[in-house]
Amino acid sequence: MEQWTRREDERLLTGRGRYVADMKVPGALDAAFVRSNVAHGALREVNCASAREVPGVIGAWSAADLPDLPPVPHTLLARLSTNEAVAGREWPALVKDRVRYPGEALAVVVGEDRYRAEDGAAEVAFAIDPLPAAVTTSAAANDSVRLFDGLSNIALRGETGQPIEDSVWREAAAVVEGRYRQQLLMPSPMECRTILAVPEGDRLTVFSGHQMPHRLRRELAALLGWSTDRVRVVVPDTGGAFGSKSAAFPEFVVVAFLAVKLGMPVRWIEDRLESMMVATRGRGQDQKVRLAADAEGRLLAYELKIDADVGAYPHLGVGLPMQTAWMATGPYTTPRVHATLRSVLTNTMLTYPYRGAGRPEAAIALERSMDVLARRLGMDPVELRRRNFIPPEDFPYETPTGRRYDSGNYAAALDLALETLDYDKWRAEQARRRSDPDALPLGIGLSCYVERTGGESGGLHEFGGVEAHEDGTVTARCGAAPSGQGHETVFSALVAKTLGVEETRVRLVEGDTDEQPEGLGSFASRSAQVAGAMLQHASSLLMEAARERAARLWGLPVDDVEWSDGTVHAAHDGSATVSLGELVKTTGPLRVDDRFEAGMAFPFGAHAAVTEVDPELGTVHVLQVVAVDDCGVVLNPTVVHGQAFGSAVQGIGQALYEGMTFDEQGVPVLADGLLDYLLPTSTEIPPIEIKDTCTPSPSTPLGAKGAGESGCIGTPAALVNAVADALRIADPDLLQMPLTPDVVWRAARAPKIDELEEEGR
């Protein structure tokens with residue numbers, strides 16, 4: 001499709017966006033939470049009496065004061081979680097007897113405004129007897145510190161593929177092993193979590209920056225014991241999400257419960273430090289891998305073992321490591337693949353889907369291992385990858401881990417990445433520097449990936465509809481909910497193009513459960529692939545309905561009536577013509593609603609990076625990043641480019657800067673906010689070139705695949721591989737993300753590949 005100007009930009013960039021914090025609701029109260037200052041402990045007392053005496057405080061409650069307060073609903077989405085993991089491990093909305101992560105909510109104070117609520121929260125007294133904390137999978141997996149009495153910290157075990165015979169490893173020409181840590185990350189959207197619950201008679205209207213409004217409605221209704229038609233969820237403008245805004249969180253449960261209890265609107269706006277302490281985490285895996293190849297570099301076997309840090313309570317994150325296991329094969333024809341996992345409970349905030357959600361973890365482990373294997377075989381890493389790509393003629397392709405790839409041309413993406421990077425030029429410069437003792441080391445890193453978009457089986461559908469009005473305008477309704485993806489632009493233009501009308505005549509409505517009673521939402525890069533296909537389908541149904549109406553009006557067979565550019569006319573002589581608006585005026589309201597199901601799609605790409613390393617300072621200077629992604633048919637190049645660029649920046653963040661650190665008691669080191677948790681800013685962003693190839697997906701009529709998560713998947717491994725290449729690291733375990741100066745400085749002093757070769761090791 002052609003490129004369009006984003007409709008959202010003028011409103012959002014001129015300060016006219018309407019976020020939950022901007023909403024003026026008469027009588028709205030504000031909530032503030034009292035939070036634990038330890039990671040693990042037995043709660044002895046919470047006393048809210050003094051808080052209730054603070055002027056402007058409406059009320060203050062602990063769990064003991066709210067015996068009917070329901071627990072946080074756990075999420076079973078597709079096949080990513082199990083009831084068995086949750087049984088006996090209930091997540092209370094307010095701590096009842098035991099704190100299991102730092103910042104867990106002990107009490108809530110509601111005031112006439114946020115200032116008074118915060119003043120009241122400061123007066124709440126509590127006592128916690130600290131317990132030993134386990135904040136890593138290695139510390140928690142042995143159950144020496146149990147989060148739930150009588151239950152193991154290993155909440156879930158899983159595997160995919162088939163166990164690999166010992167003979168395969170013994171007889172292979174080359175076997176490489178590695179241990180990789182995927183550190184805990186914070187999604188860090190510009191707008192933190194928000195909720196405003198407004199009771200209206202026997203109904204509750206909830207405003208929240210949320211990715212899945214229909215699920216939130218369903219979960220809130222269930223915890224209140226209501227039918228879903230008594231809850232309305234509205235998603236106004238939302239300042240980013242990246243997966244972190246798709247659940248009913250403890251604070252949401254408390255706010256909705258109190259709004260109903262008090263009969264007054266209650267709002268909670270998470271501040272930044274609060275978000276850093278208790279919002280969801282991403283990644284968090286400890287991986288052990290083995291990769292084998294024959295003498296010609298043909299892959300023989302790949303083994304991946306995962307210990308996943310899923311936080312203090314089993315939720316959707318407990319099943320996320322299966323995404324890593326299912327995508328373990330990447331773009332290669334590895335005949336034997338076996339992935340096993342353990343989801344381990346730790347004294348940290350919950351791990352949840354974060355941009356990429358399991359696929360970056362798979363790509364990083366495999367692509368780092370591919371570079372190690374290439375060095376072991378004395379091959380160029382480009383040639384090793386080319387030799388093992390799944391060829392285009394083999395699609396659809398069944399992987400050993402149970403995925404069915406829809407389409408792909410992996411070599412084309414890699415070729416374009418190498419051409420854009422000017423790979424031979426950089427290799428020549430690298431050789432020159434290696435002969436110059438005064439030159440800083442330079443490295444080139446590659447990463448080829450495949451990801452899954454659209455969702456899992458059972459969640460690959462979306463609801464929506466299209467309605468025509470007497471004035472000739474069209475309303476498109478969709479069950480998705482945007483948080484920055486450009487739906488207002490892309491979906492409106494898609495409907496307009498399908499109907500053949502001006503784009504300005506189409507209005508998109510989404511993120512309102514009254515306007516669109518059913519929907520799944522925005523996650524798993526499904527917007528264009530699933531919701532876009534649904535709107536195209538609904539537009540086609542509207543055209544068919546208009547033809548049928550006109551045929552009845554004119555007394556003609558339906559086959560003799562055609563649709564063209566927003567009008568209906570008789571096919572043969574054109575004597576009868578009616579515009580869409582006139583047809584509605586004459587025959588009454590015209591609206592179609594439907595459910596549309598697409599198939600899984602598997603976008604792919606090749607990313608490349610060039611880095612310069614200062615071994616004395618441990619600093620990494622990124623000279624160039626190239627990201628070539630294939631998301632099938634692109635609906636809007638500007639939007640896709642922005643998604644690719646933004647996710648590449650987040651990938652740079654994981655590789656070089658971001659990561660949760662904890663003190664000796666297991667509490668995150670965040671006293672100075674974003675000075676303690678580093679995000680890449682404009683000054684850290686290197687030159688990034690975004691390119692694309694196009695391999696349409698047969699799983700959806702648009703041919704589109706998801707486009708929003710590519711950089712988080714492809715970029716980190718390319719950067720780490722580039723640093724390893726610059727330093728000629730022999731032991732892959734030495735470079736664990738983030739590549740801080742300390743990590744790089746220590747790795748630079750380890751034995752190099754050529755030194756070990758000289759020693760015959």
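A residue counts as buried when its relative accessible area is under 20%, as exposed when it is over 50%, and as partly exposed in between, with a 1.4 Å probe and protein chains only. By that criterion, 62% of the 761 residues in the protein chain are buried.

The model is predicted, so that local features need pLDDT of at least 70 and side-chain atom pairs count only at pLDDT 80 or more, while totals for chains, interfaces and linings use all residues. Residues are numbered from 1 along each chain as its sequence is written, and side-chain values use heavy atoms, with hydrogens and water left out.

The protein chain holds 21 helices and 28 strands, where helices (H or I, at least four residues) and strands (E, at least two) are DSSP runs numbered from the N terminus. Of the contacts (heavy atoms within 4.5 Å) between residues at least 6 apart in sequence, 80% join residues at least 24 apart.

Most residues other than glycine have a negative phi, and most peptide bonds are trans. The table lists backbone features that depart from this pattern.

| Site | Feature | Value |
|---|---|---|
| Phe395 and Pro396 | cis peptide bond | omega about -5° |
| Met737 to Pro738 | cis peptide bond | omega near -5° |
| Arg283 | positive phi | near 65° |
| Ser525 | positive phi | about 50° |

Pro396 lies in the loop between helix H12 (381–388) and strand E16 (397–398), whereas Pro738 is found in the loop between helix H19 (710–727) and helix H20 (741–748). Arg283 belongs to strand E13 (residues 282–293) and counts as buried because its relative accessibility is 5%. Ser525, in the loop between strand E21 (506–510) and helix H16 (527–554), counts as buried at 16% relative accessibility.
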